[in-house]
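Please have the sequence and the structure open as I go.

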Amino acid sequence: MVRLMSNSETLQLAKTLLERPSITPADEGCQQVLGDRLKSLGFELESMIFEDTTNLWARLGQGKPVLCFAGHTDVVPPGDPSDWSFPPFQPTEHEGYLYGRGAADMKGSLAAMIVAVERYLKQVDEPPFDIAFLITSDEEGPFINGTKRVMETLESRNEKITWCIVGEPSSTEQLGDVVKNGRRGSLSGSLSVIGVQGHVAYPHLAENPVHSAANALAELTQTRWDDGNEFFPPTTFQVSNIHAGTGAGNVIPGRLDIEFNFRFSTESTSTQLQQRVEAILDAHNLNYQLNWKLNGPAFLTAQGLLINKVQCAIKRVCGYPTKLSTAGGTSDGRFIAPTGAELIELGPVNATIHKVDECVKITDLDTLTDVYQAILEEMSV
């Protein structure tokens, strides 16, 4: 496979996307740029705008199994631009790297996907599968009106994705060394333990919710929720915020507020975790209010056609094997995989994502393009 130099189409398209300050949920015309490229290839475009979020569903073909490339055009805020070595929305090449907010997460991947499909379609008369793109501007935000809503729309008309490649930055040391074939679930809880406010000198006239909740909280932190499995580590429970009191040193608080989160394996369900937490709180006779938020279920793509072809493509292009992993946070894959799609995440090295001076190695953009193209070719065999 011919390796492109730094004036590659992938690099130029990535720069075009990076110069657009598409902070969640703004798209700033990125999807128009990508859509124009896809339309010229014969894709049918469908813009799905839900509230403040712009989404693009593009499909080439009708009736065959669907291989979908998925990604997002939105980025996290850059913070103070003066902290950056180069302006965050002025794509800059420096010492072999492309700098800019979204370079790794994940406009570089989107550019590589588009160019890979363009190259692939030049060498085949008709793909043996339909090719689709699902692009959102709401992955970094509240994830309400983005991929979640698109998938609900597709499901309502029984339009299925068979295989999906999400361009999240999965690599750790070198491109393609890690592919995500699943993610842990994320379940958040907002707990308020209710007591009776009073003077610290008269504790018999008050009820301190901090004291009341102490043993329950200790039990929650020490509970082993499951043992995980060959793909997932054991489920974890972490307190992220805790607050009580008025700020005065002589007042017993009347309320204790605790925010916590589970990152859970496929050995536990969100319902099971909720029931176990509430059983512990009830066993300690607490007066409490508890609100739950399921950020996403755990999902896993087992070894099968897609993973086999992806592993072959990476070995073919990069010359080394890839490792399957379910580590890290959540992604939009949690809205796609539950519909029955085989799904993996494959993208650039993630060392600088969400950081000042986010960047991607320029040669990695070209390698990633080669890998995506190789996956298309492997899936065609």
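This is a predicted model: local features need pLDDT of at least 70, side-chain atom pairs count only at pLDDT 80 or more; totals for chains, interfaces and linings use all residues.

**Overall picture**

The protein contains 9 helices and 19 strands, and its C-alpha trace extends over about 80 × 45 × 40 Å along the principal axes.

If we take the contacts between residues at least 6 apart in sequence, 80% of them join residues that are at least 24 apart. As for the surface, the accessible area of the protein amounts to about 16,500 Å², and carbon and sulfur atoms account for 49% of that area.

**Cis peptide bonds**

Let me now move to the backbone, and to the peptide bonds. Which residues are joined by a cis peptide bond with omega near 0 degrees? That bond runs from Thr-24 to Pro-25, and Pro-25 itself sits in the loop that connects α1, residues 9-18, with α2, residues 30-39.

A cis peptide bond is also found from Asp-105 to Met-106, here with omega near -10 degrees. Where Pro-25 belongs to a loop, Met-106 is placed in helix α3, which covers residues 103-123.

**Positive phi angles**

The last topic is phi, and I will take two glutamates in turn. Glu-51, although it is not a glycine, has a positive phi of about 55 degrees, and it is located in the loop between β1, residues 44-50, and β2, residues 53-60. Is the residue Glu-51 buried or exposed? Glu-51 has a relative accessible area of 68%, and because anything over 50% counts as exposed, it falls in the exposed class.

Glu-95 is likewise not a glycine and has a positive phi, in this case of about 50 degrees. Its position is the loop between β4, residues 92-94, and β5, residues 97-99. With a relative accessible area of 70%, Glu-95 is exposed as well.

To close, then, the places I would ask you to look at on your screens are the cis bond at Thr-24 to Pro-25, the cis bond at Asp-105 to Met-106, and the positive phi angles at Glu-51 and Glu-95.

Note on methods
Residues are numbered from 1 along each chain as its sequence is written. Side-chain values use heavy atoms; hydrogens and water are left out. Helices (H or I, at least four residues) and strands (E, at least two) are DSSP runs, numbered from the N terminus. Contact means heavy atoms within 4.5 Å. Accessible areas come from the Shrake-Rupley method with a 1.4 Å probe; for residues, only the protein chains shown count as cover. Buried means under 20% relative accessible area, exposed over 50%, partly exposed in between (1.4 Å probe, protein chains only).
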